[in-house]
Amino acid sequence: MPRVHIIGAGLAGLSAAVKLTERGVPVTVYESAGQAGGRCRSFYDKHLERDIDNGNHLIMSGNHAALSYLDRIGAVDPLIWPEGGAVYPFVDVPSGKRWRVHINDGPIPTWVLNEKTRVPDTGLGDYLKAAKIAIAGRRQRVSDVVDEASPLYERFWEPLTLAVLNTTPSRGSAQLLWSVIRETFLKGGKASRPLVAKRGLGPAFIDPAIDFLTSRGAVVRFNARLRKLVTEGGEAASLVFSDDAVTLEEGDRVILAIPPTRLKQILPDVDPPTDDASILNVHYRLDREAKITGGGAFVAMTGSLGQWAFVRDDVVSITTSASNALGADDQANDDVVSQIWRETATALDLSGTDYVRVRVIREKRATPDQSPEGAAKRLKPETRFRNLFLAGDHTDTGVPATIEGSIRSGETAAGLALTSLNFS
């Protein structure tokens, strides 16, 4: 039977491999690093002496592809589901003011009518004005369709845009942001519950997938960096790696599930969106177990460089999305660590407490450009080569470059490979 060769063991490559393996197709996955996961990985940090994620990720209960993927790979109790429903805790760091946005179940958004469940200092009119995002054009940015003078901007639209699009509202595609709202918030609280990996991204999304694949005969090769793709007669013919080459057999298929910069090196004629949008993550280990005020695993921060605080045991992890656009990439690590710790101490009521160790992780190429211009350059999964398909969050999935988008891209590429192999 023909084999599908998948380049890249991030979520896009793994989700493609899982779908193909489920259908009985022989699969080989090649990963340039020594571990799977790509930008969604966990590892043991020797300095912190703790297992941490390279970055923090929320998924939502309306992310059907992500939840289905976890179920299919047999992930055991991978996520923390909030007991109180679709609740998002916020703290304004400069003022210390706290509030919780609580989205009711059901499609009728009664939460916006109640000042206890909506964003403080906002009224129904603010939400009605914001509905313009539903009809945003391809070239419109988030700031083009929301009221920047409304408290809803600083306390909802800006944090949401930074988290979902990894860019600022003045740059981010309104259509891409709307695609998330349409599938989650618009459907009510049952689709809007914020979910966090209970033991880390690796134990939730990556390790069970590798176990799933290898237990079913799939081959996973680490430290296998693709150097060149040789094509002949309109097809991919061979894969050249650092230490060997693989000649494709008749009927074999290839899925490239690699980031835009790497893809451009392999296929110079493609023009994907740039992937230089960065994310800053600072992990603080405390001398005691940390707690979120009011309970839960995370809190959103406004008016601060740190944007989201996640807590797991004695490690507090802070994420700053769009760190390049916000100037954080130009700041020294010591300065960033000091500033974000002061903010974190306020957000988590840690006055008088200090951290004992800290790790800074800068993901320089965290996501592709998600401006209207970047969205327009998203690639189709089909290529001009009959046996070659693309996966990754830079492809045209219809949703932003998130865990959900990566998984959908892999499943789409796998579906095309199956169709080309005449699998019904």
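Trainee: So the helices here are DSSP runs of H or I with at least four residues, the strands are E runs with at least two, and both are numbered from the N terminus. Where is Asp 105 on that scheme?

Mentor: Asp 105 is in the loop between β8 and α3. Keep in mind that this is a predicted model.

Trainee: What does Asp 105 touch, leaving out residues up to four places away in sequence?

Mentor: Asp 105 touches Gly 189, Lys 190 and Arg 193. Asp 105 and Arg 193 are 88 residues apart in sequence, and their C-alpha atoms are 9.7 Å apart in space.

Trainee: Why does Asp 105 count as partly exposed?

Mentor: Its relative accessibility is 40%, so Asp 105 counts as partly exposed. The partly exposed class runs between the buried cut-off, under 20%, and the exposed one, over 50%.

Trainee: And Asp 121, where is that?

Mentor: Asp 121 is also placed in the loop between β8 and α3 (124–130). Asp 121 has 54% relative accessibility, so it counts as exposed. Its phi is positive, about 65 degrees, although Asp 121 is not a glycine.

Trainee: What about the phi of Asp 77?

Mentor: Asp 77 has a positive phi too, about 45 degrees, and is not a glycine either. You'll find Asp 77 in the loop between α2 and β6 (79–80). At 44% relative accessibility, Asp 77 is classed as partly exposed.

Trainee: OK, on to α2. How do α2 and α7 cross?

Mentor: The axes of α2 (residues 64–72) and α7 (residues 201–215) come within 9 Å of each other and cross at roughly 45 degrees. That angle makes α2 oblique to α7. The crossing is left-handed.

Trainee: Which residues make that contact?

Mentor: From α2 there are Tyr 69, Leu 70 and Arg 72, and from α7 there are Ala 204, Phe 205, Ala 209 and Phe 212. By class, the contact of α2 with α7 has 6 nonpolar residues, 1 charged and no polar.

Trainee: And how do α2 and α11 cross?

Mentor: The axes of α2 and α11 (residues 403–420) come within 8 Å and cross at roughly 70 degrees. That makes α2 roughly perpendicular to α11. This crossing is left-handed.

Trainee: Who's in the contact of α2 with α11?

Mentor: α2 supplies His 64, Ala 65, Ala 66, Tyr 69 and Arg 72, while α11 supplies Ile 403, Glu 404, Ile 407, Arg 408 and Glu 411.

Trainee: New topic: is α6 mostly covered or mostly open?

Mentor: Mostly covered, since 8 of the 10 residues of α6 (residues 174–183) are buried. Among the buried residues of α6 are Leu 176, Leu 177, Trp 178 and Glu 183. What covers them includes α4 (142–145), α5 (151–165), α10 (372–376) and α11.

Trainee: Last one, α9. What span should its 15 residues have?

Mentor: At 1.5 Å a residue, α9 (residues 333–347) should span 21 Å, and its end C-alpha atoms are 21 Å apart, which agrees. The buried residues of α9 include Val 336, Val 337, Ile 340, Trp 341 and Glu 343.

Trainee: What do the buried residues of α9 pack against?

Mentor: Strands: β7 (86–92), β8 (97–103), β15 (277–286), β16 (298–302), β18 (315–321) and β19 (355–367). Just after α9, Asp 349 takes a positive phi of about 55 degrees.

Methods
Residues numbered from 1 in each chain as written. Predicted model: local features only at pLDDT ≥ 70, side-chain atom pairs only at ≥ 80, totals over all residues. Heavy atoms only, no water. Axes fitted to C-alpha atoms, helices over the stretch in contact; angles between N-to-C directions. Parallel < 35°, antiparallel > 145°, perpendicular 65-115°, else oblique. Left-handed = near helix turned anticlockwise from the far one by under 90°. Contact = heavy atoms within 4.5 Å. Nonpolar A, V, L, I, M, F, W, Y, C, P; charged D, E, K, R; others polar. Expected span 1.5 Å × (residues − 1). Buried < 20%, exposed > 50% of the residue type's maximum accessible area, 1.4 Å probe, protein only.
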